Structure formats: structure tokens, C-alpha cells
Amino acid sequence: MGLPSAEAAAQGIVDIVNENMFGALRLVSVQQGYDPRDFALVAFGGAGPLHANALGRLTGAWPVIIPPSPGVLCAYGDATTSLRDEAARTYVRRFSQLTDTELKELLTELAETATRGLDAEVAEVGYQVDVRYHGQGFEIPITVGLDTGLEELGRLFDAEHERLFSFLLSNEHELVSARAMVSGPRPNVRPVRLEPATADPEPVGRHEVWIDGGWTTAAEYDRATLRAGSVITGPAIVVEMDSTTLILPGHAARGHDSGCLLIRPLEA
């Protein structure tokens with residue numbers, strides 16, 4: 001038996017990569033009791049859209065969604081999220097050694113410390129305390145308000161402890177630590193909205209690509225020219241600055257007004 005061609009060897013490498021990704025998807029779907037066919041598959045990263053159609057075929061998850069600018073999606077999330085900071089302090093005290101006023105002062109001081117780390121105006125402040133029964137080896141985080149008193153905090157802890165472990169102890173409650181979380185306003189970033197397509201998209205070129213054991217001609221499209229409702233039938237390549245999307249034979253991608261590409265089998 002002769003050696004495989006360079007194209008067949010490359011296809012084998014890509015198939016192994018796809019199977020490894022498929023195994024990772026099974027860990028968070030099938031092995032957690034979820035059928036991937038009940039979900040869509042979102043591809044991002046510079047190389048994600050190159051493998052996405054094949055992974056949709058392996059998992060049966062449709063549509064495969066290619067968001068706008070997939071190669072910088074994580075950076076885009078960083079740029080559009082609220083600024084956050086927090087301050088925490090270990091403060092081990094039994095409830096009999098605390099007062100409502102002391103707890104409120106502690107939370108207020110932590111909020112002021114966390115706020116100094118933000119340049120933007122603070123939009124929201126949240127508080128959390130870790131509580132346990134005295135002598136217990138672990139604590140449970142409890143979300144509270146600035147005016148939550150010790151009596152109410154004890155009730156909240158008991159309810160959460162019973163929910164988690166189905167029993168309560170008679171030991172005195174004990175505060176272990178406290179924290180304040182602050183967040184700034186969310187940046188005003190408008191979502192992408194594509195205009196409706198008035199005609200079929202025109203390819204900007206054609207390339208010979210090796211798919212499923214043979215050469216085939218794939219049309220190349222510039223993603224910036226696609227509009228809502230544009231349909232691209234595979235085999236095709238959609239190029240953009242930060243990524244390349246491969247649409248396999250027997251599949252088609254439709255432009256959504258959100259700027260996403262939705263890939264589905266032609267018969268679906």
C-alpha cells in the first residue's frame with residue numbers, strides 16, 4: 001500500500017482535530033444529559049468557523065451560528081462589559097460578638113474601598129457574607145443587602161444550609177468574611193443590524209479546495225458584502241479580516257439581521 005497523498009494526509013489531520021473538538025463538546029452535552037441536537041452551535045475564534053460546519057455535522061446541532069467578527073468576539077465582550085471590582089475582608093466573629101451596626105459599617109467600608117478602584121460612575125453595589133455554624137469547617141456565601149441584620153442573616157443562612165444539606169445545627173452562627181462587589185455602567189454599544197438583501201451575493205473569487213476526499217471548486221465571498229437574507233450554498237468560503245468560514249457541500253449559510261451567519265443542511 002502506497003503512502004497517502006499530501007491532501008489526504010492533511011484531511012486526516014483535520015478530521016482528528018474535528019473529532020477532538022467533538023469529544024470536548026460531548027463532555028458538556030451528552031455526558032451531562034443534554035442532546036446536542038436540541039441546541040445551536042456557536043463558533044468563534046479565528047479558526048472556529050473553519051471547523052464549525054463539520055462539527056455541526058458531527059453533533060447534529062443546527063443552526064451553526066457564526067457571529068460577527070468571530071476572531072475578536074472575546075475581546076469585543078471585554079470592551080462592552082461593565083467595569084467591576086470588589087473588596088473582601090476576613091472577619092471571624094460569632095453573631096453574639098457582632099451588632100447590626102458593626103456589620104453595616106463593615107459592608108459600607110468595603111463598598112467604599114471597591115468603588116475607589118473604578119474610574120467610572122458606580123451603577124450597582126452588591127454585598128455577600130460567608131457564614132457557618134461555630135465549629136463548622138466550611139462556610140456558605142449568602143447574598144445580603146446593606147441593611148440586612150444579624151437575625152435575618154441567620155434565617156437566610158439556615159434556609160440555604162437546609163437547602164444544601166437537608167439539616168440544621170443548633171450551634172451559634174459565625175461570620176467568616178464579607179465582600180462588596182461594585183460595577184460601573186455598561187458601555188453604550190449598539191448591536192449590528194444588517195440591511196435586507198436585494199440580490200444574491202456575488203463571489204469575489206473561486207478556489208479549489210479538498211473536501212471529503214477530493215478536489216472541488218468553492219466560491220469565495222467577502223463577508224462585508226453580505227446582507228440579511230443573503231444565502232450562500234456550499235461548497236463556499238466566507239472571508240473576513242479576523243476569520244474564515246467554510247461551508248461544506250450540502251449546506252447553506254443565511255445572513256441574519258443580527259450580522260450572524262446561520263449554517264444549516266440544505267434538507268433541514
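Residues are numbered from 1 along each chain as its sequence is written. Because the model is predicted, local features need pLDDT of at least 70 and side-chain atom pairs count only at pLDDT 80 or more, while totals for chains, interfaces and linings use all residues, and side-chain values use heavy atoms, with hydrogens and water left out.

**The helix pair**

Select helix H1 (residues 6-27) and helix H2 (residues 48-59), which pack at an angle of about 60 degrees with their axes 10 Å apart. Helices (H or I, at least four residues) and strands (E, at least two) are DSSP runs numbered from the N terminus; axes are lines fitted to C-alpha atoms, for helices over the stretch in contact, and angles run from 0 to 180 degrees between N-to-C directions. H1 and H2 are therefore oblique to each other, a term for what remains when angles under 35 degrees count as roughly parallel, over 145 as roughly antiparallel and 65 to 115 as roughly perpendicular. Now show the side chains of the contact (heavy atoms within 4.5 Å): H1 contributes Val14, Val17, Asn18, Glu19, Met21, Phe22 and Leu25, and H2 contributes His51, Ala54, Leu55, Leu58 and Thr59. These residues divide into eight nonpolar, three polar and one charged, where Ala, Val, Leu, Ile, Met, Phe, Trp, Tyr, Cys and Pro count as nonpolar, Asp, Glu, Lys and Arg as charged, and the others, Gly among them, as polar.

**The five-stranded sheet**

Next, select the open sheet whose five strands follow the order E1-E2-E13-E12-E9 with mixed pairing; two strands pair if DSSP finds at least two bridges between them. Its edge strands are E1 (41-42) and E9 (231-233), each pairing on one side only. E1 pairs with strand E2 (residues 64-66) in the parallel sense over two bridges, and valine 42 has isoleucine 65 in E2 as its bridge partner.

Move to the open sheet of four strands, which has the order E3-E6-E4-E5 and antiparallel pairing. Strand E3 (84-94) and strand E5 (140-144) stand at the edges, each with a single partner strand, so one side of each is left without a neighbour in the sheet. From one strand to the next, the twist averages 25 degrees. Strand E4 (residues 124-133) and strand E6 (residues 173-183) are paired in the antiparallel sense over ten bridges, and glutamate 124 stands opposite serine 183 in E6.

Within helix H5 (residues 150-165), centre the view on leucine 153, which counts as buried at 1% relative accessibility; buried means under 20% relative accessible area, exposed over 50% and partly exposed in between (1.4 Å probe, protein chains only). Not counting residues up to four places away in sequence, leucine 153 touches Phe95, Leu103, Val129, Val131, Ile142, Val144 and Thr148.

**Backbone details**

In the loop between H2 and E2, select proline 63: the peptide bond from tryptophan 62 to proline 63 is cis, with omega near -5 degrees. The peptide bond from glycine 234 to proline 235 is also cis, with omega near 5 degrees.

Finish at serine 166, in the loop between H5 and E6, which has a positive phi of about 65 degrees although it is not a glycine. At 63% relative accessibility, serine 166 counts as exposed.
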